[in-house]
Amino acid sequence: MSSFRVKGGLKLKGEITPQGAKNEALQILCAVLLTEETVTINKIPNIRDVNKLIELLADMGVEVNKIGPESYQFKAAKIDLEYMDSDKFLTKASALRGSVMLLGPLLARFGTGKISKPGGDKIGRRRLDTHFIGFQSLGAKFHYDTKREIYNIDGNALKGTYMLLDEASVTGTANILMAAVMAEGKTTIYNAACEPYLQQLCDMLNRMGAKITGVGSNLLHIEGVKKLGGTEHTLLPDMIEIGSFIGLAAMTQSEITIKDAQIHRLGIIPDTFRRMGIKLEFRGDDIHIPAQKHYEIETFIDGSILTVADAIWPGFTPDLLSIVLVTATQAKGTVLVHQKMFESRLFFVDKLIDMGAQIILCDPHRATVIGLDRKYPLKGIRMTSPDIRAGVSLLIAALSAEGTSVIDNVEQIDRGYQYIDQRLNALGADIVRID
């Protein structure tokens, strides 16, 4: 297990380019199974979860060629379906939550799918009902092997249908969409997720020959086709990294420019950080955050305490609530952070409290942060990263704190942020990786 030793109190300065979006990469990589032709993908982030999925695809028989620092070519002409019944496949798939999105393409193209219970962050219950009910609506038949804990799915006769999703799940929508693109007839998905990453997937599939309309809305129409072809696709910059860098700049009183942020795809993320009192300047497609000693949290119009809550797109992404929370600890004012979707994602605030932050954990979903305008700086401590987003929030806290902190289990951070220690050290941070 690796750790970061972080010297706090340093002000950073310079430019940083966000990596390709992790959450988009997991969808797009699974989509390469939909065709036997070559698919080229650019801006693939070099992070553990993405690398593990690429490795899994290669094990399944996909030809994988790295053609540049962030570019790969994939050709899924010869897939070994028997490999999916092996313990090696099931073990690798269960360790990676994104592997569930292999099912849609496999059902669409081969009429069969098999997967064990997927893993991922321990951030609360993350059910798969939306995925499976959607497949069943298309005509797939399920058998759960209780002894091996394996889902066996027969999708030999998928037919288009109308479905109303019980939740606007991003991965669920992506999975059902990929299953439906080659189903017989027309599929309508209502209450579909419409995040920019989902829009990117739709655009890519349409370039491959799919017939999807309603892209960008919560009502998707898919006309099934017989076959899909190859294409080239470039991932969006990771909006979670962008939000993390905004919070980092504010907390450490640093002057940072985030390059090529594709601001028009960020939704309300910039405005939410502005409501936290953080100054942002848009320079073309770059975001410049000037050094700020003080930033003050807004109140609602009637003077009541600001609430920042997660919501389905175009609401505020749950992946950035932990960044808002840690950023608020050094602001002036109070904010209620309401994490609606996951009941365990706020269980890192005890570490911030140990560092000196004024936070009341109201229940598993809500925390009130009392910002004292840097009157009491955070203190360096030893702590453990519980998941990707909390880990980066603790790293931001450590960078702003007085003294030295040690963060254990940084493999969690590596799953979502490529070379984060090296990239921040290039801006003036002092982060040492200890193996």
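Q: Which residues does Asp319 touch, not counting residues up to four places away in sequence?
A: This is a predicted model, so take the contacts as computed from its atoms. Asp319 is found in the loop between β17 (306-309) and α10 (321-328). Setting aside residues up to four places away in sequence, the ones Asp319 touches are Asn23, Ile240, Arg345 and Arg389.

Q: Which side chain is joined to that of Asp319 by a polar contact of 3.4 Å?
A: Asn23 is among the residues that Asp319 touches. Their side chains are also joined by a polar contact of 3.4 Å. So the partner in this polar contact, with its N or O atoms inside the 3.5 Å cut-off, is Asn23.

Q: Is Asp319 buried or exposed?
A: The cut-off for buried is under 20% relative accessible area. Asp319 has a relative accessible area of 12%, so it counts as buried.

Q: At which residues does UniProt place the feature "binding site"?
A: The annotation comes from an unreviewed UniProt entry. One of the residues in it, Arg97, lies in the loop between α3 (87-94) and α4 (103-110), and it is buried with a relative accessible area of 18%. The positions in the record are Arg97, Asp319 and Met341.

Q: Which side chain makes a polar contact with the side chain of Thr252?
A: Thr252 lies in the loop between α8 (239-251) and β14 (255-258). At 4% relative accessibility, Thr252 is buried. Its side chain makes a polar contact of 2.6 Å, and the partner is the side chain of Ser254.

Q: Leaving aside its neighbours within four places in sequence, which residues is Thr252 in contact with?
A: Contact here means heavy atoms within 4.5 Å. With neighbours within four places in sequence left out, the contacts of Thr252 are Leu10, Lys11, Leu12, Leu399 and Ser400.

Q: Where is Gln418 found, and which residues is it in contact with, leaving aside its neighbours within four places in sequence?
A: Gln418 sits in the loop between α13 (411-414) and α14 (420-425). It is buried, with a relative accessible area of 9%. Leaving aside neighbours within four places in sequence, its contacts are Gln19, Pro45, Asn46, Ile47, Glu70, Glu241 and Arg423.

Q: Why does the salt bridge of Lys43 and Glu70 tie together parts that are apart in sequence?
A: The side chains of Lys43 and Glu70 meet in a salt bridge at 3.8 Å, N to O. Lys43 lies in the loop between β3 (38-42) and α2 (48-59), whereas Glu70 lies in the loop between β4 (63-68) and β5 (71-75), so the parts tied together are 27 residues apart in sequence.

Q: What do the buried residues of α5 pack against?
A: The buried residues of helix α5 (residues 129-137) are Thr130, His131, Phe132, Gly134 and Phe135. Past the helix comes Gly139, whose phi is positive, near 110 degrees. The elements that the buried residues of α5 pack against are α4, β7 (141-145), β8 (150-154), β9 (162-164) and α6 (170-180).

Q: Which residues make the nonpolar surface patch of about 350 Å²?
A: One of them is found in strand β19 (residues 359-363), namely Ile360. Ile360 is partly exposed, with a relative accessible area of 48%. The residues that make the patch are Ile360, Ile370, Leu372 and Tyr376.

Notes. Residues numbered from 1 in each chain as written. Predicted model: local features only at pLDDT ≥ 70, side-chain atom pairs only at ≥ 80, totals over all residues. Heavy atoms only, no water. UniProt positions renumbered as here; feature names shortened; annotations may be inferred. Helix = DSSP H or I, 4+ residues; strand = E, 2+ residues; numbered from the N terminus. Buried < 20%, exposed > 50% of the residue type's maximum accessible area, 1.4 Å probe, protein only. Polar contact = N/O pair within 3.5 Å; in protein donor to acceptor, adjacent residues only side chain to side chain. Patch = residues over 30% accessible without salt bridge, like charges linked within 9 Å, V, L, I, M, F, W, Y side chains within 5 Å. Areas by Shrake-Rupley, 256 points an atom, 1.4 Å probe, with all protein chains shown as cover. Salt bridge = Lys/Arg side-chain N within 4 Å of Asp/Glu carboxyl O.
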